[in-house]
Amino acid sequence: AKTIWANPEDRKEMIRQIQDNRMLTDREIDVVTKSGKIRTCLASIKAYPEKGYLEGTAIDITERKMAEKALQRAHDELEKRVEERTIELTKANENLQKEIIERKNIEEQIKASLKEKEILLSEIHHRVKNNFEIISSLLDMSSMNIENIETQNLMANARARILSMALIHGQLYQSDRFEKIDMVKHIQELTNHLSHAYVDND
């Protein structure tokens, strides 16, 4: 079939190389067939000027070039997807690191706040405990100067109530839960303290 050059510059370049080197090896050229289709050929030509003729071959590599281009497009698309996914993962990792740092900072703040509250709670406990002891001591001192039996009994009841509140306060402070106490333990301790208190008074 008659062919024409798809790119006229290819013909000029081939002629120049043959004139300079007397040969052309594996040069890709595009030609247009009679039907109008463009085909890619791999041409090799050797010149014999002393004999006045050329000898050469042309291999149609159109399908191979199309396969190579398709493979290159698939490779480029894969590279693009990998790059996009890498960017997404990098951003996700950065956000995760920020979240981890924020959570650590929040945890540190919570720990510091809990420590501060523990110190404050301990201080309150000691103050309340001291107040109970002061009130109990004042009641003891006041009862020493009272001769009226009925008044002494009232003072003793008041001391017992103060003692009971002090015991409850101590148990709540030592307990992990503030909404309840061990009543059996509370009654036993209260009974022991009251027994000693009344024996000492007697």
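**A close look at the sheet**

Mentor: Arg22 counts as partly exposed, at 49% relative accessibility; the scale calls a residue buried under 20% relative accessible area, exposed over 50% and partly exposed in between, with a 1.4 Å probe and protein chains only as cover. The model is predicted, so local features need pLDDT of at least 70 and side-chain atom pairs count only at pLDDT 80 or more, while totals for chains, interfaces and linings use all residues. Residues are numbered from 1 along each chain as its sequence is written, and side-chain values use heavy atoms, with hydrogens and water left out.

Arg22 lies in the loop between helix H1 (8-21) and strand S2. Here helices (H or I, at least four residues) and strands (E, at least two) are DSSP runs, numbered from the N terminus. The phi of Arg22 is near 65°, a positive value in a residue other than glycine. Asp26, within strand S2, also has a positive phi, of about 50°, although it is not a glycine.

The chain as a whole has four helices and four strands, in the pattern β-α-β-β-β-α-α-α along the sequence. The strands form an open sheet in the order S1-S2-S3-S4, with antiparallel pairing. Strand S1 (4-5) and S4 stand at the edges with a single partner strand each, so one side of each has no neighbour in the sheet. Two strands are said to pair if DSSP finds at least two bridges between them.

The sheet can be followed from S1 onwards. S1 and S2 are paired in the antiparallel sense over two bridges, and Ile4 has Val32 in S2 as its bridge partner. S2 and S3 also run antiparallel, joined by eight bridges. Within this pair, Met23 has Lys46 in S3 as its partner, and Asp30 stands opposite Thr40 in S3. The hairpin of S2 and S3 has five residues between the strands, and Gly36 in that hairpin takes a positive phi near 95°.

Eight bridges also hold S3 and S4 in the antiparallel sense. Lys46 has Glu55 in S4 as its bridge partner, and Leu42 stands opposite Ile59 in S4. The hairpin of S3 and S4 has four residues between the strands, and Gly52 in its turn has a positive phi of about 80°.

Rings of Phe, Tyr and Trp (its six-membered ring) pair if their centres lie within 6.5 Å; planes under 30 degrees apart count as stacked, over 60 as edge-to-face and the rest as tilted. By this rule the count is one aromatic pair. Tyr48 and Tyr53 form it, stacked, with 5.2 Å from centre to centre and 25° between the planes. Tyr48 counts as buried because its relative accessibility is 19%, whereas Tyr53 is partly exposed at 39%. The charged end of Lys51 sits over the ring of Tyr48, 5.9 Å from its centre. That description applies if NZ of Lys or CZ of Arg is within 6 Å of the ring centre and within 35 degrees of the ring normal.

Asp10 lies in H1 and is buried, with a relative accessible area of 12%. Setting aside its neighbours within four places in sequence, Asp10 is in contact (heavy atoms within 4.5 Å) with Trp5, Arg27, Ile29 and Asp30.

The buried residues of H2 include Thr62, Lys65, Phe132 and Leu139. Their cover, taken with that of the other buried residues of H2, includes strand S2 (23-32), strand S3 (38-48), strand S4 (53-60) and helix H3 (149-174). The expected span of a helix is 1.5 Å times one less than its number of residues. The 83 residues of H2 (residues 62-144) should therefore span 123 Å, and the end C-alpha atoms are 121 Å apart, which agrees.

Of the 202 residues of the chain, 17% count as buried. Among contacts between residues at least 6 apart in sequence, 34% join residues at least 24 apart.
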